[in-house]
Every structure is written in structure tokens, then in C-alpha cells.
Amino acid sequence: MAYGGAMGYLPFREVIAEYLGAVRGVRCESSQILVTTGSQQGLQLSAQVLLDPKDRVCMEEPGYPGARQAFVTAGAQLIPVPVDDEGINVAELIRRGRNARAVYVTPSHQYPMGMTMSATRRMLLLNWAVRSGAWIIEDDYDSEYRFGSRPIASLQGLDTDARVIYIGTFSKVLFPALRLGYVVVPGDLVPAFSAARDAADIFSSTLYQAVLTDFIREGHFARHIRRMRMLYMDRRRTLVNAIQKELGDLIEVIGAEAGMHLVALLSRGINDVAVSRNAAQRGISAMPLSVCYSKPPARGGLILGYGGANAHQIHDGVGKLRMSVQEIA
Ligand SMILES: Cc1ncc(COP(=O)(O)O)c(C=O)c1O
């Protein structure tokens, strides 16, 4: 019940280090684990520790708005770098990212488009970071839920030069209101991250860390993941089928092989913000894809989460979405 250390509750950091080593191929000691209140805090602390105002930070385009927000708040200058079906385009990164201090990537499951970064790109990215002295901020937010293929090891595990800051969260694998995540901090940055956390809010709730430590140690966590993987696979299939049936002529589904969301690309000329607003009035939350771009994209879309909706809600929701898309089209 007393104050805890800024890096977190030691038994919890030990189980996280063990879990990440076994499941994500992350190479770290428990001393490198900083427990956070979710990845957003991991991003914010990384920005605070690693960046000076006006530093250049490369971002996947399209990319995660929460990361953009964290870097912009730290005064960084963002450089968008396009992604393709192998992840971030490293040739473009080399061209545009001269003097960049850091790059933000989601290699396991690109947010929002859903592809996995290829092995070649991973090696090229790590080489670029070493050559240019830049940091790689790896956001591994939902890698536990893959449906077609086995989980792919982290970029951090391939890094031999301590250039990768690995950020994870329990928001997706458990639930967001828990507000627990972690950063795997390169050894020599531990004092700086620890001081930044201490200055921000001192430490995360020990109670939740202790409960989750037991939950993981007693095997409930692994069982939960196995069970939820089946459930989400079902929900994903239900959503994809419902979209194809109801909206197949107006929407193309991409990125449905992992995680708890997919992207529904709209036919050219349909404004995704207008569709999203219309859907919200019908009680459907569908984030417009265009908010993930720094400039308006050629083709808009909707980011559809299916983790928290049962089959009935998915069918009902897609029916409402059809009305919104048709009305705006
Ligand atoms: C790319 C990405 N990173 C991180 C998160 C999770 O953030 P947090 O752990 O702060 O809840 C999300 C949630 O949607 C996300 O999409």
C-alpha cells in the first residue's frame, strides 16, 4: 500500500520479461521493463526522453493517430513515410528521413492497414537505424491475436545495437480500462525513462500489477488468449461475411488476418468522415481511415473493430452501416 518504484512492481516486471522472451522473441532483463498506464504513456515517455523540440520523427503513413499526437506534443516534426504490403517503405525512409531522430512502426500488425512487416524490411530498418543513429519505436499493441499465421517475433529481438524501444499493452489482449502496458527500455536509457516516469505520475497502481502477476503466473492469461483467439476469429469471419453480403459493391475489406479490427476501404469518391458521422448517429462507431493520414488519401475507408460485438450486434451494425454508406454515396 506504500509508494512503489517508478519502473513498476518487480514480480510483474519479471513475468512480463519472461512472457515477452517466450512469446515475442524480445531479449531483455526484467530491469529493462518499465510498467506504464498503457502504450500511450509509453509513447509519451519515449517522446519526452528521446526527442528535443523540432526533432524529425518518421511515421508510418497511414499511421496511428495516438503516436502522432505524442510526438507532436513533444514538439517533433513529423515525416510521413508510406507503407506498402511489406510494411514501412525503407527506401522512402532513407530518402525522406535524413537526420531523423526516431521512426515509429507497428511491425507485427501495421496500424491501421493490418500488414506484417517482412523479414527483409526488418533488417533494412535496423540497418538504417544503426547507420543514422536513430531510434526505432516499436508499437506491438495487439500481436497476440493472429488468425492465419503464427505470431511473428518482435523487431526488438533482432536488434543487436539497442536501437529499439519496444512498447506493449494489455489494452487489447485484456481490456483498455485496465490501463497497464510496458516499455522495454534499452539498458543505458533506463535511468532517463525511470526519471521521466517518476516526474509524470510516479508509478502504476500496485494492486492491478499484483493481480495481473498472479493471473499470468497461474496460467489464466495464456488460457484467456487461446479462448479469445477463437472468439475473435469467429467475430472477424462474421463481420467479413456480413460486409461482403451487404456492402460488397461499395467496400473492400483489408487487414483482417490479425488483431481486433479491419479496414473497410470505400469506393473512390465516398467521404469517410461523412460516413463515420452518419454511422455515429445510428449508434455505430467507425473511425474514418483518413484521420490516420497526414494528407487526405486517394481512397477513404472505415476502421471497424469487432472485438466487443457479438454476431447479432455485428449483423445489426453492418445493416446500419449499409444505410450510412448508401446515403453518403
Ligand atoms: C497502434 C496502437 N497502439 C496502441 C494502442 C493502445 O493504446 P493503450 O495501450 O494506451 O490503450 C492502440 C489502441 O487502439 C493502437 O491502435
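How do the residues of the lining of the largest cavity divide into nonpolar, polar and charged? They divide into 2 nonpolar, 1 polar and 2 charged, where Ala, Val, Leu, Ile, Met, Phe, Trp, Tyr, Cys and Pro count as nonpolar, Asp, Glu, Lys and Arg as charged, and the others, Gly among them, as polar. This is a predicted model, in which local features need pLDDT of at least 70 and side-chain atom pairs count only at pLDDT 80 or more, while totals for chains, interfaces and linings use all residues. Residues are numbered from 1 along each chain as its sequence is written, and side-chain values use heavy atoms, with hydrogens and water left out.

The lining of that cavity is made by Ala242, Lys245, Glu246, His315 and Val318, and its volume is about 30 Å³. On a 1 Å grid over the protein atoms alone, a cavity is a set of points where a 1.4 Å probe fits but cannot get out, whereas a pocket is an open set with protein on both sides within 12 Å along at least five of seven lines; lining residues have an atom within 4 Å of a point. Grid points are joined across faces, edges and corners, and a volume is the space filled by probe spheres set on the points. H8 gives the most to the cavity lining, with 3 residues; helices (H or I, at least four residues) and strands (E, at least two) are DSSP runs, numbered from the N terminus.

Turning to the open spaces, the largest pocket has a volume of about 910 Å³, and of the 37 residues that line this pocket, the closest to its centre are Lys172, Met260, His261, Leu304 and Gly305. Helix H2 (39-50), strand E12 (301-305) and helix H10 (311-328) each supply at least two residues of this lining, and H10 gives the most, with 7 residues. By class, the lining of the largest pocket has 18 nonpolar, 15 polar and 4 charged residues.

The second largest pocket holds about 320 Å³ of space, and of the 16 residues that line this second pocket, the closest to its centre are Tyr19, Val23, Phe221, Ala222 and Ile225. Helix H1 (10-24), helix H7 (206-217) and helix H8 (220-247) each supply at least two residues of the lining of the second largest pocket, and the largest share, 6 residues, comes from H1. By class, this second lining has 9 nonpolar, 1 polar and 6 charged residues.
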